[in-house]
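The sequence and structure come before the details.

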Amino acid sequence: MGEGPMSSGDDEALLDLLTTGRMSSYSSATGSPSAALRLYEWNMHASASVMELTGIVEIVARNALDRELAAWARRRLDTPEWFGRAPLDQRGTRDVSKAEDRSRRAGAPGEHGRVVAELSFGFWRYLVGSRYHASLWVPDLHRAFPYGPRDLRARRREVERRMRELHFVRNRAAHHEPIHQRDLGRDLTFALELLGWVHPVAAEWAARVTTLRAVVDARPVTVRGG
């Protein structure tokens, strides 16, 4: 922790170190070097909170979807292993193959849980897309979100929307990009809704542990567009 406020000269030196390009959105939203840096600092805290919350969403959603993919394979092929068997498109097949390769390099070849963990958030996001509506969603994957909208088409559409938005903001946060102009309160709502559609206890837990609400409430008031 710092021992006191930084001087204006320190702020200007930091702005130079962070580069004008990186700080442009913060400078445009504020109007002074010190305000731009305070907003940048807030953005760092917001990004950490987004990563925390979307990490919960990713783990809960992927485990629920993996469970239903295993059920799909078990009913049709008498095995819970869906890798290389589920009717994935070229992109999905490539993602699974890469995840299997990474698990082998990590010394866990064929370990189901490790392969699932190696699959990206993007893989699971696209798995609930319209391309798999008839082949996977209607017969099985809708059961991963049993508390979602009753109509299966609406459920898939709303699940996809939330996963798309959360995937986007997670990537922005992971790459240290500005998210200070984004409606993070909406992202929090989307995350809790999606978790609640898997199981209410997941949403209750995430609501209790997430720091995002407190961070959103602590956003500094900016001179421009604040």
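## Terms and basis

Ala, Val, Leu, Ile, Met, Phe, Trp, Tyr, Cys and Pro count as nonpolar, Asp, Glu, Lys and Arg as charged, and the others, Gly among them, as polar. The model is predicted: local features need pLDDT of at least 70, and side-chain atom pairs count only at pLDDT 80 or more, while totals for chains, interfaces and linings use all residues. Residues are numbered from 1 along each chain as its sequence is written, and side-chain values use heavy atoms, leaving out hydrogens and water.

## The cavity

By class, five nonpolar, one polar and four charged residues line the largest cavity. A cavity is a set of points on a 1 Å grid over the protein atoms alone where a 1.4 Å probe fits but cannot get out, and its lining residues have an atom within 4 Å of a point. The lining consists of L88, D89, R91, G92, D95, F123, Y126, L127, R131 and Y132. Both α4 (90-105) and α6 (121-127) supply at least two residues of this lining; helices are DSSP runs (H or I, at least four residues), numbered from the N terminus.

## Two residues of one loop

H180 lies in the loop between α8 (152-174) and α9 (184-198). H180 counts as buried because its relative accessibility is 3%, where buried means under 20% relative accessible area (1.4 Å probe, protein chains only). The H180 side chain makes a polar contact with the side chain of S25 (3.1 Å). A polar contact is a pair of N or O atoms within 3.5 Å; within protein, one must be able to donate a hydrogen and the other to accept it, and residues adjacent in sequence count only if both atoms are side-chain atoms.

R182 is also found in the loop between α8 and α9. Its side chain makes a polar contact with that of D187 (2.7 Å).

Technical notes. 1 Å grid on protein atoms, 1.4 Å probe; cavity = no way out; pocket = protein on both sides within 12 Å on 5 of 7 lines; lining within 4 Å. Buried < 20%, exposed > 50% of the residue type's maximum accessible area, 1.4 Å probe, protein only.
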